[in-house]
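Keep the structure open as you read.

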Amino acid sequence: MTDPSSPDGPDPDAPGPLAWHELADGQSVTAQVIGRIYRPGPGGGWWYQLRLPIWSEVQLPDRITVEPDSIVMRVPARLVNPIEGIDYSGVPTRREQPPARPPRSSSAAPAGRWSVQHLPAPAGGPGRRVIHHESCWVPTSNADLELDQALRELARPGSEACTACDARHLPAVLTGPVALASRPQ
């Protein structure tokens, strides 16, 4: 078991046991369990860090091919089921401390950078985008948006603010008198 006070997360390259993981479209696939994390607060609880094997396109000088690759992701424990007969006692486990946050008005957006997480569309449905603050624990792309850009992304159909990070304050900013001037027409 990993030291719970350690700031380091599980090693995404370390081997781990397999478990069933439920995908967004309802399929179940096997994924490698590489860590367990307890997160206090909204959106918290037990989460698993998983490695999912995938194919990745490779550009060679004379052709394009594929090779085995993987993605590492964190998902709530409710989306992971043990496989009978597999020992999970060696999975690194840690508990995060609740973040210390200064009190702020619910309509104030925090300073910092923002990112957009593009979620796959269900068959025949529209895609979704989730806006995250740079301090969010959800692994996303680089936080390279300014506040006004994040607000524009949030105003687009299919976009929503992450409820587990400071992005949860963005909807109030969008409806405030100052933000209305910066909203796309």
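1. Start with one pair of residues. Arg-129 stands opposite Ser-159, and Ser-159 belongs to strand E9. Bear in mind that this is a predicted model.

2. Now look at the strands around that pair. Strand E8 covers residues 128-133. E8 and E9 run parallel, and 3 bridges join them.

3. Step back to the sheet. What is the strand order? The order is E7-E8-E9. This is an open sheet of 3 strands, and its pairing is mixed.

4. Check the edges next. Why is one side of E7 and of E9 left without a neighbour in the sheet? Strand E7 (114-119) and strand E9 (159-161) stand at the edges, and each has a single partner strand, so one side of each has no neighbour there. From one strand to the next, the twist averages 30°.

5. The protein chain has 3 helices and 9 strands. Along the sequence, the pattern reads β-β-β-β-β-β-β-β-α-β-α-α. Trace this pattern on the model yourself.

6. Consider burial and surface. The protein chain has 185 residues, and 32% of them count as buried. The chain exposes about 11400 Å². Carbon and sulfur atoms supply 55% of that area.

7. Finish with contacts along the chain. Take the contacts between residues at least 6 apart in sequence. Of these, 53% join residues at least 24 apart.

How values were computed: Residues are numbered from 1 along each chain as its sequence is written. This is a predicted model: local features need pLDDT of at least 70, side-chain atom pairs count only at pLDDT 80 or more; totals for chains, interfaces and linings use all residues. Side-chain values use heavy atoms; hydrogens and water are left out. Helices (H or I, at least four residues) and strands (E, at least two) are DSSP runs, numbered from the N terminus. Buried means under 20% relative accessible area, exposed over 50%, partly exposed in between (1.4 Å probe, protein chains only). Contact means heavy atoms within 4.5 Å. Accessible areas come from the Shrake-Rupley method with a 1.4 Å probe; for residues, only the protein chains shown count as cover. Two strands pair if DSSP finds at least two bridges between them. Axes are lines fitted to C-alpha atoms, for helices over the stretch in contact, and angles run from 0 to 180 degrees between N-to-C directions.
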